[in-house]
Amino acid sequence: MPTQKSSNDRSYSRFNRIGRVLAASALLTGSLLGGAHADDNKELNFGIISTESSQNLRAVWDPFLAAMSERTGMKINAFFAPDYAGIIQGMRFDKVDLAWYGNKSAMEAVDRAGGEIFAQTVASSGASGYYSLLVAHKDSPIGSVDDMLKNASNLTFANGDPNSTSGYLVPGYYVFAKNKVDANKIFKRSLNGSHEVNALSVANKQVDVGTFNNESMERLELTAPEKAAQLKVIWTSPLIPADPMVWRKNLPEATKADIREFFMTYGDKPGEMDVLADLQWAKFRASDDDQLLPIRQLELFKKRSEVANNAKLDESDKQAQLKELDAQLAALEQRMAELQQKPAAATAG
């Protein structure tokens, strides 16, 4: 889903799966880590991924956060992070209490930062997920992935934040890994940016092709229709599960209960569906960490492709790594099969 601004020379934190080291982000070096943690559960620090400018996001989030404060009796401090890693790092050090993530960044939060999924967003249309896109300028001769790959050495590519699902992981597998190419090597120039930055860069002909997603496209059609009109979609991914909401597992159970009650009932009162509509959502649904299983599977497939195609890797090392990845994939498939059987068993009972 939505992604944060980054650059090729920006490094990523140790816990990042991609193995880069993040230079101190604005979120962490600013008021979040420097300020006091929410004391005695009277305050909650809410991390929000900045898919577009904080000013635009704040306008649509403020009514929701105000309602959350009123219903839970806690002050809600909103932090619009410049990148996913900032929110993950904040949660890791108990400075972010709950957050809206994409699936890839939620996986990092669950694995590295003591996070736990408790709810899932639902698109205002009722859709259970969204789609990653590749976009080019409407006047560009590039009209497909094949066109892009054939001309890559002459093109500038705007990739997403490495912690983004739709901006990085999904196209990274379906577009690049499956075609046995590296997005960081095949283009004349490759850079990383947020969904909004990537789309505007393409619209302004500053880059040739960029990652995006359909929800951000719909948002851009509202906030900057003249820019959206300059874009054409050259690739659409398979369905991606809708974004999760994640809290710190070590929050007090009473606090979790208050948060869960708010999320599961928000939309029941007059006017609340309008607030959700501005966020491009319908009512939330309950969820848990199993939501990440398809994303984990996707990342393992991507890793397996990279290992299998690595000509520099010693053959014995390659086979050992492939064996381990295959075992992890088998375990995921078994878990997913178990979950698929649960509804059938409940119906039969």
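## Terms and model

Buried means under 20% relative accessible area, exposed means over 50%, and partly exposed lies in between (1.4 Å probe, protein chains only). This is a predicted model: local features need pLDDT of at least 70, side-chain atom pairs count only at pLDDT 80 or more, and totals for chains, interfaces and linings use all residues. Residues are numbered from 1 along each chain as its sequence is written, and side-chain values use heavy atoms, with hydrogens and water left out.

Helices (H or I, at least four residues) and strands (E, at least two) are DSSP runs, numbered from the N terminus.

A salt bridge is a side-chain nitrogen of Lys or Arg within 4 Å of a carboxyl oxygen of Asp or Glu. By this rule the count is 15. One of them joins the side chains of Glu299 and Lys104, at 3.6 Å from N to O. Glu299 lies in helix 14 (residues 293-308) and Lys104 in helix 5 (residues 103-112), so this pair ties together parts 195 residues apart in sequence.

Both Glu299 and Lys104 are buried. They also belong to a network of salt bridges that links Lys104, Glu108, Arg112 and Glu299.

Asp290 and Arg335 meet through their side chains in a salt bridge of 2.5 Å, N to O. Asp290 sits in the loop between strand 13 (285-286) and helix 14, while Arg335 is in helix 15 (residues 315-348), so the pair ties together parts 45 residues apart in sequence. Asp290 is partly exposed, because its relative accessible area is 21%. Arg335 is partly exposed too, at 28%.

Asp326 forms a salt bridge with Arg304, and the closest N and O atoms are 2.6 Å apart. This pair links distant parts of the chain: Asp326 in helix 15 and Arg304 in helix 14, 22 residues apart. Asp326 is partly exposed, with a relative accessible area of 32%. For Arg304, also partly exposed, the value is 28%.

## Thr72 in helix 3

Thr72 lies in helix 3 (residues 54-72). Thr72 is buried, because its relative accessible area is 12%. Leaving aside neighbours within four places in sequence, Thr72 is in contact (heavy atoms within 4.5 Å) with Asp258 and Phe262.

The backbone nitrogen of Met74 lies 3.3 Å from a polar atom of the Thr72 side chain.

Key:
A polar contact is a pair of N or O atoms within 3.5 Å; within protein, one must be able to donate a hydrogen and the other to accept it, and residues adjacent in sequence count only if both atoms are side-chain atoms.
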